[in-house]
Amino acid sequence: MRYLDPKLDPVFRKIFGEHKQLCRSLLNSILPLQPNQKIVSLTYKPPELPPDLHIFKDSIVDVYCVDNTGRQFIVEMQMYWTESFKQRVLFNSAKAYVRQLKQGGNYKLLKPVYALNFINEIFIKDSPEYYHDYKIVNIENTSEQIEGLELIFIELPKFKPSNRADKKLYDLWLTFLTEIKEDTEYIPPQLLKEKVTNEAINCLKMSSYTKKELEAYDCYWDSISTQKTLIDGKKEEGIEEGIEKGKKEGREEGI
């Protein structure tokens, strides 16, 4: 049995953008919600966030949904990290928050927007922490918070499962995203035992996809390889420029 990589956009969107029960389980497990804040039901919204002003471009997100209380959730999978990604997430979240308010509306009616972002790279190299939760808080007293936007970034390569029973689904979903890769032959048994992750694994079977969907999957892999080559090339150029600049400054200082 051949499985596809759940981290690639076409697959990630199929799993969490077409199966509400799986998306709800993922959000309830991963987001820092209190027991009385758990998501009961979800409705999908178009993944395209059109701008209110013509000077801005449309934004496409992987999964965009709203729950029965009006809270909005944006879920993204990012294969390669760029420094501008945080700003993009903030921009999309703020856009979703602002678009709730109709002309003459009451600000008190605005509901929170949560942005959950899975990153397939390490972007904070000097810390073992992989779960990064950003809120608008009082610097002097971080328990004081202005509710509205909450941005979560998860560095998948740093994840290590725990043995805590209360984090069962949390660990299973992150294991699902980190352990299963293209052409994998071994599926962790704990994923098969849990109903929601077992259902998600069935969505990874190559036989579940049409020829057109598999072609889109292969094309996305090609674009990822091209993107990685370009990013690695830019990094090498930057290193070489830095070395050359250091040599030049060293020669000038010596003179």
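Strands β7 (residues 131-137) and β8 run antiparallel and are joined by seven bridges. Two strands count as paired if DSSP finds at least two bridges between them. Within this pairing, Lys-135 stands opposite Glu-150 in β8.

This is a predicted model: local features need pLDDT of at least 70, side-chain atom pairs count only at pLDDT 80 or more, and totals for chains, interfaces and linings use all residues. Residues are numbered from 1 along each chain as its sequence is written, and side-chain values use heavy atoms, with hydrogens and water left out.

**Strand β8.** β8 also pairs with strand β6 (residues 113-119), in the parallel sense and over seven bridges. There, the bridge partner of Asn-117 is Phe-153 in β8. Why is β8 described as largely enclosed by the rest of the structure? Eight of the eleven residues of β8 (residues 145-155) are buried, so the strand is largely enclosed. Buried means under 20% relative accessible area, exposed means over 50%, and partly exposed lies in between (1.4 Å probe, protein chains only).

**The whole protein.** The secondary structure comes to seven helices and eight strands. Both are DSSP runs, numbered from the N terminus: helices are H or I with at least four residues, strands are E with at least two. Of the 255 residues, 38% are buried. The protein exposes about 15,300 Å², and carbon and sulfur atoms supply 54% of it. Such areas come from the Shrake-Rupley method with a 1.4 Å probe; for residues, only the protein chains shown count as cover.

**The cores.** The largest nonpolar core has 49 residues. Helix α4 (residues 168-179) gives the largest share of this core, six residues. Apart from it lies another core of eight residues, among them Trp-81, Phe-85, Ala-115 and Leu-151. A nonpolar core is a set of buried Ala, Val, Leu, Ile, Met, Phe, Trp, Tyr and Cys residues joined through side-chain atoms within 4.5 Å. In the largest core, Phe-16, Leu-27, Phe-118 and Phe-176 have the most contacts inside it.

**Contacts by residue.** Contact means heavy atoms within 4.5 Å.

| Residue | Residues in contact |
|---|---|
| Phe-16 | Leu-22, Cys-23, Leu-26, Tyr-44, Val-63, Trp-173, Phe-176 |
| Ser-93 | Ile-74, Val-113, Ala-115, Leu-149, Leu-151 |
| Lys-181 | Tyr-3, Asp-5, Lys-7 |

Ser-93 sits in helix α3 (residues 85-98). Is Ser-93 buried or exposed? Ser-93 is buried, because its relative accessible area is 0%. Lys-181 lies in the loop between α4 and α5 (189-193). With a relative accessible area of 43%, Lys-181 is partly exposed. Its side chain reaches the backbone oxygen of Thr-178 at 2.7 Å. Lys-181 and Pro-6 are 175 residues apart in sequence, yet 7.3 Å apart in space, C-alpha to C-alpha.

**Helix α6.** Which residues of α6 (residues 195-202) are buried? They are Val-196, Thr-197, Ala-200 and Ile-201. These four cover an arc of only 140° around the axis, so they lie on the same side of α6. The arc is that of the directions from the helix axis to the C-beta atoms. What covers the buried residues of α6 includes α1 (9-18), α2 (20-30), α4 and α5.

Notes
Polar contact = N/O pair within 3.5 Å; in protein donor to acceptor, adjacent residues only side chain to side chain. Lists of a residue's contacts leave out its neighbours within four places in sequence.
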